[in-house]
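User: Could you take a close look at the place where the two chains meet? I'd like one connected account of that part.

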Amino acid sequence: MPQTFSVSAKADGGEFVDGDSAALAWDVLRRTADHQTADVIDLSHCPHLKPYAIACLCGLAELARADRRPTRIVPPIDAGCAAHLARLGVPAFFEPEGWGAEPAWGTNVAVRRVTWPPGNEGERIVEVLSSRAELPAGVFPNMVELLDEIIRNALTHAESPIECIVAGQAFPHTQKVEVAVLDLGQTILGHLTKNPRHAGVRTHREAIFRALEDGVTGTPDGQRNRRGEQNSGAGLSALRAYCESGGGELTVLSGDVWVTSSQTRPPVIGTLYRPFRGCLVNIRYSTHGNLTPLDVEPIL
Amino acid sequence: MADMKLDNQPLRSAGNGEILATAILAALDRDESVRVDFAQVEMMTPSYANAMVMTLLDRFTVAELKTRCELANRSAVVIAAMNTAVRRYLGGIRLSTQRHATT
């Protein structure tokens, strides 16, 4: 009897802060939290998916593939949603009897699985998104650098069986760019407490806040990470600072907690129905904001 | 003066940042000064910048490096990435291998 995972019909507002736990993205998150793969993922009634939900769907498909149980997908009835997912290249993550279509580069959406060692995937994704996002001058390289950094973080620290999935979309009308980076390895708490400096961290919430501070890393003192590299704990804090500088938001979801931080309000914290085994970083840039100007007076 | 030129690959990994710093340090052991040309480099991740800059600052002060190591033709984003790494180092942040192991 095939196991079918039917994604609900309720539209996904994509607002972590609203915490609409009935929205379909949360269905996907719950399923992904437990690494529950399915034989069939039924998107028949799906009206829309945000990048983080797409990343989770593709992550589930990759998990199933790793278990040699490829997942079949039932495409959305809604033609617009089906075309949207096809343009992203989502069908390629599932059994071929979905709805075949080549991903259409040059649109405002992109999804990729990235494996170690990463190449120019981050740059490619930002290129796709920037074609519709009207990024201010100088923003493109910063976005690429920081996306590269977060991808490397995921591939280095997570011990994820699917490596990582990156999904992004530009929203020209609201002048936002959203990028989700998903791994299904260990939680931030699991990684951070491997460093004796942070062994006292007890909760997922504390671990996420600690990881957002500059200079915090799970790599123990005197050691290198599992890729043989040194760490200084810059990734998430640098991304947070840059993202927030332009009025954007950064959401980090790991274990039983998600935290959304922005400059305009105190961090918003939510709890998950089931602990999420892995980490999802959702970046929401506000492209009309004043992203941090470059500090170009050389010190060295 | 030793001359080093980087190719046009974006500078991404901490491992490669450490390799460049090690090469610069080796050149400074041999020569009085070194010139590194970044003309072909468009981007540099924080990981790369931190590994490179912090490895250099572990041996030399900012003033010594300014005298002996010319970092030429850097783009604005490369300068900004290196500046951030310098500020972090001066603020007390170190690479994992530069911190003494705790028991």
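Analyst: Happy to. Asp221(A) and Arg99(B) join their side chains in a salt bridge, with 2.8 Å from N to O; the term covers a side-chain nitrogen of Lys or Arg within 4 Å of a carboxyl oxygen of Asp or Glu. Six salt bridges are found across the interface of chain A and chain B.

A word on the basis: this is a predicted model, in which local features need pLDDT of at least 70 and side-chain atom pairs count only at pLDDT 80 or more, while totals for chains, interfaces and linings use all residues. Residues are numbered from 1 along each chain as its sequence is written, chains are lettered from A and ligands numbered from 1 in the order in which they are written, and side-chain values use heavy atoms, leaving out hydrogens and water.

Now the wider interface. Chain A brings 36 residues to the contact and chain B brings 38 residues, where contact means heavy atoms within 4.5 Å. Between them the chains bury about 3300 Å², 55% of it on carbon and sulfur atoms; buried area is the accessible area (1.4 Å probe) that two parts lose on being put together, summed over both. Of the area that chain A buries against chain B, 26% comes from Gln230(A), Ile299(A) and Leu300(A), more than from any other three residues.

Ile299(A) also belongs to a separate core of 38 residues that includes Val41(B), Leu56(B) and Ile93(B). Such a nonpolar core is a set of buried Ala, Val, Leu, Ile, Met, Phe, Trp, Tyr and Cys residues joined through side-chain atoms within 4.5 Å, buried being under 20% relative accessible area (1.4 Å probe, protein chains only).

Note on methods
Buried means under 20% relative accessible area, exposed over 50%, partly exposed in between (1.4 Å probe, protein chains only).
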